[in-house]
Amino acid sequence: MTDRYALFGNPAKHSKSPMIHAAYARATGQDMTYEVIEAPVDGFAAAVAAFRAEGGRGGNVTMPFKLEAFALASDLSERARLAGAVNTLKFDGERIHADNFDGVGLVNDIQRNLGLSIAGRRVLMLGAGGAVRGALLPILEQRPAQLVVVNRTVAKAKTLGEQFGKFGNLVTGGYEQIADMGQQPFDLVINGTSTSMRGELPPITRAAFAPGALAYDLVYGKGLTPFLRLARDAGAGRLADGVGMLVEQAAEGFFFWRGVRPETRAMIEALAVPLG
């Protein structure tokens with residue numbers, strides 16, 4: 001019997017996930033389908049229950065349901081528990097196993113595809129939302145020399161420091177404090193804010209970027225965003241958007257479900273848009 005998987009979100013019909021997982025299934029010889037379920041905003045749990053009743057084996061979760069998926073899970077990975085959000089579910093009888101592969105996908109893209117080892121590097125993360133929460137533990141596990149997290153609302157950044165500080169050299173604060181938080185500039189600067197979705201620039205300066213730094217925007221498909229333009233003008237050696245993170249987190253989820261890890265490079269190349 002063909003196994004069924006799905007993406008739960010609202011909106012979700014624009015998602016690249018069905019194309020990605022269909023390609024992974026073909027490449028690895030897996031007998032499975034992957035569909036989009038655009039659940040009502042107040043109907044996530046019911047949509048998951050109906051899909052499970054129809055024989056569904058697992059699913060991905062996107063906005064606005066990642067927190068509800070966390071609450072629905074019966075078994076959480078450590079990184080999902082710390083992130084407080086879930087993006088992948090696996091159904092096993094009455095159990096719902098859950099994980100968050102967003103941060104793993106980001107780290108895999110940076111290290112495997114972009115060739116930058118995070119170990120010993122100075123890393124600056126902009127923002128303190130869900131995407132950043134999911135990325136902190138996977139980044140800290142790579143042992144950067146320092147990870148600095150800044151946010152407009154300083155209290156949110158400080159809360160992350162309290163929750164994740166035991167895992168590595170983590171410093172948190174506001175944008176105006178960047179120059180005071182450890183050595184500058186940074187080898188890796190990650191924009192985890194939503195500014196690029198609005199065509200805006202987060203409040204940082206060229207001084208944040210070390211010569212040859214990697215600038216990474218979690219938003220994908222927007223081309224040369226204001227953040228990436230600033231990085232280019234500051235002398236960053238490499239620019240990247242979040243398409244690799246998208247593809248790599250999908251590969252981790254696929255492995256979670258099927259026990260086979262697909263190759264990712266061809267899919268990243270197929271989805272990539274020019275960055276200037």
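Val123 has Leu147 in strand 8 as its bridge partner, where strands are DSSP runs of E with at least two residues, helices are runs of H or I with at least four, and both are numbered from the N terminus. Strand 7 (residues 122-126) and strand 8 (residues 146-150) pair in the parallel sense over five bridges, and to pair here requires at least two DSSP bridges between two strands.

Before I go on, please keep in mind that this is a predicted model, in which local features need pLDDT of at least 70 and side-chain atom pairs count only at pLDDT 80 or more, while totals for chains, interfaces and linings use all residues. Residues are numbered from 1 along each chain as its sequence is written, and side-chain values use heavy atoms, with hydrogens and water left out.

These two strands belong to an open sheet of six strands, ordered 9-8-7-10-11-12, with parallel pairing. At its edges lie strand 9 (170-173) and strand 12, each of which pairs on one side only.

Let me turn to helix 9 (243-258).

Now the pockets. On a 1 Å grid over the protein atoms alone, a pocket is an open set of points where a 1.4 Å probe fits, with protein on both sides within 12 Å along at least five of seven lines, and lining residues have an atom within 4 Å of a point. The largest pocket has a volume of about 1,400 Å³, volume being the space filled by probe spheres set on the points. It is lined by 45 residues, of which Thr62, Met63, Lys66, Ala131 and Tyr220 are the closest to its centre. Helix 9 gives the largest share of that lining, four residues.

The second largest pocket has a volume of about 250 Å³. Among its 15 lining residues, Asp109, Leu114, Val243, Ile268 and Ala272 are the closest to the centre, and the elements that give two or more residues include helix 9 and strand 12.
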